[in-house]
Amino acid sequence: MSTILITGATSGLGRYVAFELVRSGHTVLAHGRDPGRTGRLVEELRSEGRAEGFLADLASLAQVRDLGARVAEAHPGLDVLINNAGAGAGSPGSGREVSADGHELRLAVNYLAPVALTRALLPTLTANTPSRIVNVGSVGQEPVALDDPEFTHGYAGFAAYCRAKFALAAHTFSLAEELANTEVAVNVLHPATFMDTAMVREGGVAPWSTVADGAPGVLALATQDMGTGRFFDGTSPARAHEETYDRDVQKRLATLTDQLLAL
């Protein structure tokens with residue numbers, strides 16, 4: 001059985017997946033931002049199996065890195081990371097927001113945070129192979145404007161969300177190549193379209209599917225050998241935005257990412 005860290009576990013898809021994993025006998029490290037909600041979740045999970053809570057605000061890179069350090073120290077046997085937490089498009093008409101570090105919020109939470117957390121935990125995951133990194137992405141993808149990565153011009157919430165998910169997919173593919181000989185698998189998936197979550201409802205969208213519809217893809221990638229460097233739509237292999245596979249795009253994005261994480 002695996003030790004699995006899942007970010008954004010207090011609601012929506014993350015919560016559903018956490019219970020499924022605990023019931024299957026895995027040890028779940030449940031990340032949340034709110035102490036009360038995270039504590040209550042862990043109590044509920046422990047009634048079914050092994051679980052521990054970890055607090056962090058993923059809109060702060062310092063807190064993301066601290067989360068990685070705390071998890072690595074407390075659970076040196078960690079072998080699965082599920083980067084599930086996300087910020088949606090925001091409520092209709094809401095303007096551009098920034099993170100604690102001054103980054104555009106969707107980029108910070110949906111892209112920079114998973115990249116920073118993955119880097120912090122990579123030594124642990126590499127020590128516990130075969131191990132897995134599951135990035136919860138979206139079929140909604142739009143190329144990042146490399147000349148305006150922080151989306152300071154013509155901002156739109158849904159476009160910001162799609163740009164961050166594009167970046168996450170491209171990062172997944174280049175990281176998989178980097179880790180090709182390590183037995184650390186890294187994949188990205190679109191769990192289901194417009195699931196019934198707070199994020200979707202806040203965006204003013206009537207849900208099309210349930211979190212139960214989105215869970216099988218995440219669970220499969222977390223617990224089964226599904227290859228590496230792949231994009232899935234649910235449990236089915238699919239294609240991400242064509243430009244995410246472009247080596248030049250990946251390299252330029254990696255350079256930009258290093259700059260943004262160093263700020």
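This is a predicted model: local features need pLDDT of at least 70, side-chain atom pairs count only at pLDDT 80 or more; totals for chains, interfaces and linings use all residues.
1. The second largest cavity is lined by E104, L107, V144, P149, F151, A160, R163 and A164. A cavity here is a set of points, on a 1 Å grid over the protein atoms alone, where a 1.4 Å probe fits but cannot get out, and a lining residue has an atom within 4 Å of a point. Helix α5 contributes the most to this lining, with three residues. By class, six of the lining residues are nonpolar, none is polar and two are charged. Nonpolar covers Ala, Val, Leu, Ile, Met, Phe, Trp, Tyr, Cys and Pro; charged covers Asp, Glu, Lys and Arg; the others, Gly among them, are polar. The space in this cavity is about 40 Å³, a volume being the space filled by probe spheres set on the grid points, which are joined across faces, edges and corners.

2. Residues are numbered from 1 along each chain as its sequence is written, and side-chain values use heavy atoms, with hydrogens and water left out.

3. The structure contains three cavities of 30 Å³ or more. The largest cavity holds about 50 Å³ of space. Its lining consists of T7, L58, N83, N84, A85, V109, A113, P114 and L117, with α4 giving the most, four residues. Six residues of this lining are nonpolar, three are polar and none is charged.

4. The second largest pocket holds about 190 Å³ of space. A pocket is an open set of grid points with protein on both sides within 12 Å along at least five of seven lines. Of the 14 residues that line the second largest pocket, R119, H171, S174, E178 and A254 lie nearest its centre. The elements that each supply two or more lining residues are α4 (105-127), α5 (157-178) and α8 (247-262). Helices are DSSP runs of H or I with at least four residues, strands are runs of E with at least two, and both are numbered from the N terminus. The lining of this pocket has seven nonpolar, five polar and two charged residues.

5. The axes of α5 and α8 come within 10 Å and cross at roughly 100°. Axes are lines fitted to C-alpha atoms, for helices over the stretch in contact, and angles run from 0 to 180 degrees between N-to-C directions. Contact, meaning heavy atoms within 4.5 Å, is made by F166, A167, A170, F173, S174 and E177 of α5 with R247, V249, Q250 and L253 of α8.

6. Eight strands form an open sheet with mixed pairing, in the order β3-β2-β1-β4-β5-β6-β7-β8. Two strands pair if DSSP finds at least two bridges between them. Strands β3 (51-55) and β8 (236-238) stand at the edges, each with a single partner strand, so one side of each has no neighbour in the sheet. From one strand to the next, the twist averages 25°.

7. Strand β7 (residues 231-233) runs antiparallel to β8 and is joined to β8 by three bridges. F232 has P237 of β8 as its bridge partner.

8. Helix α2 (residues 35-46) touches β2 (27-32) and β3, and its direction makes about 170° with that of β3. Helix α7 (residues 211-223) lies across β4 (80-83), β5 (131-136), β6 (184-190) and β7, running at about 155° to β5.
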